[in-house]
Amino acid sequence: MFAVIENAILAGKDNVAFKNIATMGKAAPEIDRNSLAMMNLEYAKLNWKHKNEALARQMFQELTKGHSCDVVTIEAHFLHGYHVKSSIDDPMKTFQEYFLKAHEMVLRYAQKWKKLEQMRKGHYDDDQVGRDLKKLSSIFEKIAKFFDKQYKHLSKYLVSTDYLKRKSVVERQEYSIEKLREKHRASQLEKDERSQLRVIEANFKLDKKNLEKYKTDRDTYLANALRYYGYACRYSTDESLHIFRIVSLFLSHKNVTAVREVIQGTMETKVPQEKEVLTGLFDSLPSFKFLDILPQLTAHLYNDEKPTYVDDEIYKLLRRCAIEHPHHTLNHIMSMKNSYADKSSQDRGQQTDSRVRGAEKLLHDIEGVNESLGTIISQLTSMTKALIRMANTKLRENAGDFQLTRNTDCGILSLKNLNAIHCPTFHLPVMKNGKYEGVIVSIVKWETKVGVLNGINAPKKFKCLCSDGVVRPQLLKGNDDLRQDAVMQQVFNIMNAMLAQNPKSAERRLQIRTYKVIPFSRRSGMLEWCSNTIPIGPILMDCHKRYRPHDKFSPNDARTRVQHSAPSDKLKIFNEIVKNLKPAFHNFFLEHFLTPGTLFERQYAYTNSVATNSIIGYILGIGDRHVQNILLDITSTEVIHIDFGIAFEQGKCLPTPETIPFRLTRDIIAGMGVTGIEGVFRKSAEITMQVLRDHQYTILAILQVLLYDPLYMWTLTPEKARRTQSLEWEPDVVTNTTAERALELCKDKLNGAENSSMGTMTIENQVDKLIREAISHENLCKLFHGWQAYL
């Protein structure tokens, strides 16, 4: 019955849990002591959740009186401090009396069952003690978030009007004291002025001490948040997303003494079991937990004459990651080393960029660790050198196939049997033990036939034969910075993990399709080719041509009319086009999926995919969603978005500003079937938004690391504007999207407070507002003509 109670609470069915607790309570005399204590703990938590705080407080206090170090006593002790005492006591008092004791009790419990060493490695046996310890390890995350909340509160206060007024008062007191002392030194101080000086000095000391305490407390909370996020990562079983918050706090406050002490392991701890393994924060965590944040860590790799402790810590960490997980790490370091390897960027900073020198030094260091790593780096160097040269080589004037020869291959045909490196465009699972023998899929060769595609920079399609016998298509691009696309794929993968953990989104298979993006340098890189996909642009043109031949306007006619319309006539012309050009995309589904069951499945998958992409795209401010930047997988009917050069609301800074939150045009809606935006789309959009709101602190911590990356300019450049809308444009520096502004916008969106004078909106209201904005003719008619808002 206790399992039923736990499952009901997890499913959010509290009434079922209350009912079963009441039934279980009637049989109390027949229930063993531990089961009864566990039931009472769940009952106390439910009462606290439902605002029956007096009863919950009493129950927590009773449960803390257990004399054995059992699971219920530990959790009750922590929750009593977390729920009850933290709201009335000083945070550090709550920490010392409750959290610190709970921390020690957890480790004592693990020690008692000889599982402490396993726990330190994030490993838990599938027995009762192992499951108990895994559950108790969540305490460290809650303590970290408790301190993080206190830190944010004080940080906000330190820039508030009230604090600045107090600071101004202290500064005026200091000025008055100095003036009175000058008079005293000149023996011009009157008796009443001497009395006044004593009073001002006393007040000044008190007020200054209080101001300094705010900063001291903030640093204390910051250091403890950092330390307990570290414990949360150490004692968790998976690649914890808390690593982003750790790195964010570290890089933002690296000069704070308390932060340095945590990072270097010199900060005192009062938990005996932790004193045994007192070490630096990064050193205490397994290297695989840093793999998700490697691009951002590599950006902080330096090689200065006088390195700081930050430089040393990042260098040591990247070295450890490269040795233990070379196939996940070395690509990032190699990309940094090759920053200026392209023709277009040679000699622009190769000699002076400290990051490039740092990457060269690190690769040279790793190369000498063992023969295997030396071989990996040698093969990786040869591969990236040849591919960068090919990316920047013009093979032919227009699109078509090209046959490589020894004179035109840039060394690619010589790259055969690269058995030490993994195919960069194929996913490699993380092996926590660092053993990749027999796991990697290496490169045998590239085929000689290359496809040159249409586009400003004429990307090239290669076919790579891998050691598993599979031929994998790859897209090689030159004169294009792929780092922002790589970062967006990084964020998508993290958000997919969040969606996979939520029962409702997992049931609907709400995911965003991702693909591998590997920057080789600042201006070249390779992308995984999305097989079985076609841009929706050609699909829609074909559908309109074959199924709506008698419409008054064709899509090309509509584009011409929009392009040459005056601003004052745009809405009138758009409405005329809408009236005379009907949606046709639903015919694609009717033509390709002939049985009712298959048709329903494919439309359901398509609708869920559009909903997930729409909400995530809105949160991240992804723009430029024209019909060539959205692919359709013709087998699964999932949509795949490409080209993320316009993100974090940069679209609103274009010469023709974007006015919609995501693409939800008539043809996109037609593909959803008879219900359109009602039913599946709306519900899936609401679930996606709810999941993102539930994880907003984690998302914001991730974005903070990404947005403050020194290698990225999250602003709209003239080059981006020209590429997007083919217009000459000079930027207004004041209106460009800055990192701070982008972060605040994301925060407002996640809170449902963007452009809202009524405060936070409900999920339902927010999604409804976005849908109305996305389908509004007033908004759609203002878009750039190349966006083709009528399709």
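The protein has 111 positive and 95 negative side chains, counting Lys and Arg as positive and Asp and Glu as negative, with His and the chain ends not counted. The centres of the two sets lie 1 Å apart, each charge being placed at NZ of Lys, CZ of Arg, CG of Asp or CD of Glu.

A note on the source. This is a predicted model, where local features need pLDDT of at least 70 and side-chain atom pairs count only at pLDDT 80 or more, while totals for chains, interfaces and linings use all residues. Residues are numbered from 1 along each chain as its sequence is written, and side-chain values use heavy atoms, leaving out hydrogens and water.

Now the pairing of charges. The structure holds 39 salt bridges, meaning a side-chain nitrogen of Lys or Arg within 4 Å of a carboxyl oxygen of Asp or Glu.

Take E42 and K45, which form one at 3.3 Å, N to O. They sit 3 residues apart in helix 3, residues 33–49, so about one helical turn separates them. Helices here are DSSP runs of H or I, at least four residues, numbered from the N terminus. E42 is buried at 6% relative accessibility, whereas K45 is partly exposed at 24%; buried means under 20%, exposed over 50%, partly exposed in between, with a 1.4 Å probe and protein chains only. E42 and K45 also belong to a salt-bridge network with E75 and K135.

In helix 9, residues 138–157, E141 and K145 are 4 residues apart and bridge at 3.0 Å, N to O.

Lastly, D551 pairs with R548, the closest N and O atoms being 2.9 Å apart. D551 is buried at 15%, and R548 is partly exposed at 31%.

Notes
Helices (H or I, at least four residues) and strands (E, at least two) are DSSP runs, numbered from the N terminus.
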